[in-house]
Amino acid sequence: MKIYTLKFLDDGNGGARRLDFGASDLAEALIVAHRKAAKCTAELWQGARKLCTIRREGAGGPMQSARFLSAY
């Protein structure tokens with residue numbers, strides 16, 4: 001199992017946060033990251049390597065979109 005880090009950008013309510021989690025591969029890590037960042041923008045990292053940015057747009061609710069900006 002590989003360790004990934006989800007870095008949530010500062011939302012103005014107490015600073016940035018991070019979540020370390022395990023996943024068997026990048027596909028599983030992207031699924032977990034997408035779920036955990038359901039309502040905010042976050043970056044997915046593996047060690048010192050940034051894998052992608054999940055950017056939320058639009059007014060709240062389940063219909064928000066997510067764009068993977070720089071997946072490697």
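Student: Is strand E3 largely enclosed or open, and how many of its five residues are buried?

Tutor: In this predicted model, strand E3 spans residues 42–46. The rest of the structure largely encloses strand E3, because the buried residues among its five number four.

Student: Which strand pairs with E3 over four bridges, and which residue of E3 is the bridge partner of leucine 6?

Tutor: The strand that pairs with E3 over four bridges is E1, residues 2–8, and the sense is antiparallel. For leucine 6, the bridge partner in E3 is leucine 44.

Student: Which glycine takes a positive phi in the hairpin of E3 and E4?

Tutor: The hairpin of E3 and E4 has two residues between the strands. A positive phi near 65° is found there at glycine 47.

Student: Is cysteine 52 buried or exposed?

Tutor: Buried means under 20% relative accessible area. Cysteine 40, at 23%, is partly exposed. Cysteine 52 has a relative accessibility of 0%, so it counts as buried.

Student: What pattern does the protein follow along the sequence?

Tutor: The protein has one helix and five strands. Read along the sequence, these elements give the pattern β-β-α-β-β-β.

Technical notes. Residues are numbered from 1 along each chain as its sequence is written. This is a predicted model: local features need pLDDT of at least 70, side-chain atom pairs count only at pLDDT 80 or more; totals for chains, interfaces and linings use all residues. Side-chain values use heavy atoms; hydrogens and water are left out. Buried means under 20% relative accessible area, exposed over 50%, partly exposed in between (1.4 Å probe, protein chains only). Two strands pair if DSSP finds at least two bridges between them.
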